[in-house]
Amino acid sequence: MKKFSVRDLSIRYSDDNESLRKINIEIEANAITVLFGPAGGGKSTFLRVLNRLNDLADVKTMTGEVLFNGVNILDPKLDVIDLRRKIGMVFSRPVPLPLSIYENVAYGLIMAGERNKKKLDSAVEAALRQAVLWDEVYDRLSDSGFAISGGQQQRLCLARVLALEPEVIMLDEPTSALDPVSTAKIESLLTELKEKYTIILAPHNVQQAARMADYAAFFLMGELVEFANGKDMFLMPKDKRSQDYITGRFG
Amino acid sequence: MKENRMAPKKQIGDTVITSIIKVCGYSSILFVGLILVFLLKEGLPALKDVPITSLFSIRWYPIEGLFGILPLIFGTLLVTISATLIALPFGLGTAIFISEVAPRWIKEILKPIVEILAGIPSVVLGFIGILVIVPFFRKFLDLPTGLTAFTGAVLLGLIAIPTIVSVAEDALNTVPPGYRQAGLALGATRWQTIWGVTVPAAKTGILTAVMLGIGRALGETMAVMMVTGNAPVLPSGLNAIFEPVRTMTATIASEMGEVATGSQHYQVLFLIGILLFLLSLVINITASAVSTKQRKRAERILS
């Protein structure tokens, strides 16, 4: 099943920087789609189009179509808040909100109007368990979200997204600020989570891309150079440029 | 060889600059200390020479030897607190608007305008107060005189707003954009993100802004002297705010010129100065206590 169908998506920022050029891609549900490539290639812009976080940026022109479950989400009349609840996002630096651990996880639900304490409690616990963080923090849920390690903070951010029970989880270089142990935890977590969610991951290095990819998309200077399933991409890339990047000839 | 000769020279320059900086630093501490000593030396004898019962009576009439400072303290508190209540919502609202809501071109116009407003001499604002605000309130609220505590509070509020806006806006601006994005990406509306994430994250800076605003209102003399009616009486009842008052600062400013040095009146004016000093000290200590508490928490978390 296709979760996203992107057709001819082009974006130009107000400084006349063309960030994406004619992107065509289909994103499969219940799989990990990896977006990789050198910095400035348009990965982050692409992710921020999918949950319309790009509305905040100075976009000059945006053309094309992004279908999410068959609905065009670039439609200006679309309920962006609802969309963002269905498409969760984890950022490259852990950004706990300036609230307690509990409130961080419950934040999205409370904003969505959930007031029932019991439901919130069980949702928070479920989300923290799913993010394999519960055992480490269950006795200090009222501590600040900053009072835990970087790796824990990043899993907290993931739990915060999971609490909303989204359909899609997007992660923009989620482990770039983490140590190898925490990175391994997040990676094994993602492999489990793909049973239930559609995952789009922009890793910060090729190794992670190769480890995680069910499908892989190589972005270079705003262009989608190659899109294939993970094995094909990393074992026998078709395009010369993806080949050069994967083998480390540039980047 | 050449390098060997250079090294001591560099060290001498270093020592000279370090000592100059040290002198500058210590001298500002010294000046504050000297001001305090002078205030205490001139003001404390009042406690000995003027009977306490007179000091804490409700009549300020120095010519008759009546030095009741209660009406002055009351006037200062009334005007300062009301001014803060007026300035706070407007100041924070404007800061949030400039930093979070306004499109960039409005932001780029508004911010310098606010900063220019903060620099207008208060006597000019007092002048506008006398010519515009005072007659307006007299007619609009149907009062015997427009020179009231309320007029002073409104004017002081106007004076404090640019300070609050400017500092609070800087605080909001330093909130990492990641917070806003995280809030929005969780499906919070813009307003929920501002209120639930951005403002709490900038709490310390906003508090500093409020304290600076209160300090500005507390220390303001000229404008307040021009529009509050200068009547050192203890107003009674709920409509006290619509009656003339006189603040501590205005009293010192208007009477210091005509007292005999060393007289009781002179000493009491300095005593009022000491009280003002204590008031602003309390405000500053509160502000820094709150922000160090937060900083300590941050340090504990980072370590």
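The conversation below walks through a predicted model with chains A and B.

Visitor: To start with chain B, how many helices and strands does it have?
Guide: Chain B contains 13 helices and two strands. Its C-alpha atoms fill a box of roughly 75 × 65 × 35 Å along the principal axes.

Visitor: What radius of gyration does chain B have, and what would a compact globule of 303 residues have?
Guide: Chain B has 24 Å, whereas a compact globule of 303 residues would have a radius of gyration near 19 Å.

Visitor: And what share of the residues of chain B count as buried?
Guide: The share is 37% of the 303 residues. As for contacts in chain B with a separation of 6 or more, 74% of them are between residues 24 or more positions apart.

Visitor: Let us turn to the cores. Which residues touch the most other members of the largest nonpolar core?
Guide: That core has 128 residues, and the ones touching the most other members are Val34(A), Ala159(A), Ala163(A), Ala216(A), Leu156(B), Ile164(B) and Ala168(B).

Visitor: Which helix gives the most to this core?
Guide: Helix 7 of chain B, residues 149-173, gives the most, with 16 residues.

Visitor: You listed Ile164(B). What is it in contact with, leaving aside its neighbours within four places in sequence?
Guide: With those set aside, Ile164(B) is in contact with Ala87(B), Gly91(B), Leu92(B), Ala95(B), Ala209(B), Val210(B) and Gly213(B).

Visitor: How many residues of chain A are in contact with chain B?
Guide: There are 20 residues of chain A in contact with 16 residues of chain B. Helix 2 (80-86) and helix 3 (101-111) of chain A each supply at least two residues of the side of chain A that touches chain B.

Visitor: How do the residues on that side of chain A divide into nonpolar, polar and charged?
Guide: The side of chain A that touches chain B has 13 nonpolar, three polar and four charged residues.

Visitor: Now the sheets of chain A. What is the strand order in the open sheet of six strands?
Guide: The order is 6-7-8-3-9-10 in chain A, with mixed pairing. Its edge strands are strand 6 (87-90) and strand 10 (223-229) of chain A, each of which pairs on one side only. From one strand to the next, the twist averages 15°.

Visitor: Do strand 3 and strand 8 of chain A pair in the parallel or the antiparallel sense?
Guide: Strand 3 (residues 32-36) and strand 8 (residues 198-202) of chain A pair in the parallel sense, over three bridges. Thr33(A) stands opposite Ile200(A) in strand 8 of chain A.

Visitor: And what about strand 9 and strand 10 of chain A?
Guide: Strand 9 (residues 215-220) of chain A pairs with strand 10 of chain A in the antiparallel sense over six bridges. Phe219(A) stands opposite Leu224(A) in strand 10 of chain A. The two strands form a hairpin with two residues between them, and Met221(A) in the turn has a positive phi of about 50°.

Visitor: What is the order in the open sheet of four strands?
Guide: That sheet of chain A has the order 2-1-4-5, and its pairing is antiparallel. Strand 2 and strand 5 (71-72) of chain A stand at the edges with a single partner strand each, so one side of each has no neighbour in the sheet.

Visitor: How many bridges join strand 1 to strand 2 of chain A?
Guide: Seven bridges join strand 1 (residues 2-13) to strand 2 (residues 18-28) of chain A, and the two run antiparallel. Ile25(A) in strand 2 of chain A is the bridge partner of Val6(A). In their hairpin, with four residues between the strands, Asp16(A) takes a positive phi near 65°.

Visitor: Why is helix 1 of chain A largely enclosed by the rest of the structure?
Guide: Helix 1 of chain A is largely enclosed because eight of its eight residues are buried. Among them are Lys43(A) and Arg48(A). Just after helix 1 of chain A, Arg52(A) takes a positive phi of about 60°.

Visitor: What does Asp58(A) touch, not counting residues up to four places away in sequence?
Guide: Asp58(A) touches Tyr13(A) and Ser14(A). The C-alpha atoms of Asp58(A) and Asp75(A), 17 residues apart along the chain, are separated by 18 Å.

Definitions and conventions. Residues numbered from 1 in each chain as written. Chains lettered and ligands numbered in written order. Predicted model: local features only at pLDDT ≥ 70, side-chain atom pairs only at ≥ 80, totals over all residues. Rg over C-alpha atoms; globule rule 2.2 N^0.38 Å. Buried ≥ 20, exposed ≤ 12 C-beta atoms within 10 Å, placed from the backbone. Contact = placed C-beta atoms within 7 Å. Pairing = 2+ DSSP bridges. Axes fitted to C-alpha atoms, helices over the stretch in contact; angles between N-to-C directions. Nonpolar A, V, L, I, M, F, W, Y, C, P; charged D, E, K, R; others polar. Core = buried A, V, L, I, M, F, W, Y, C linked by C-beta atoms within 7 Å.
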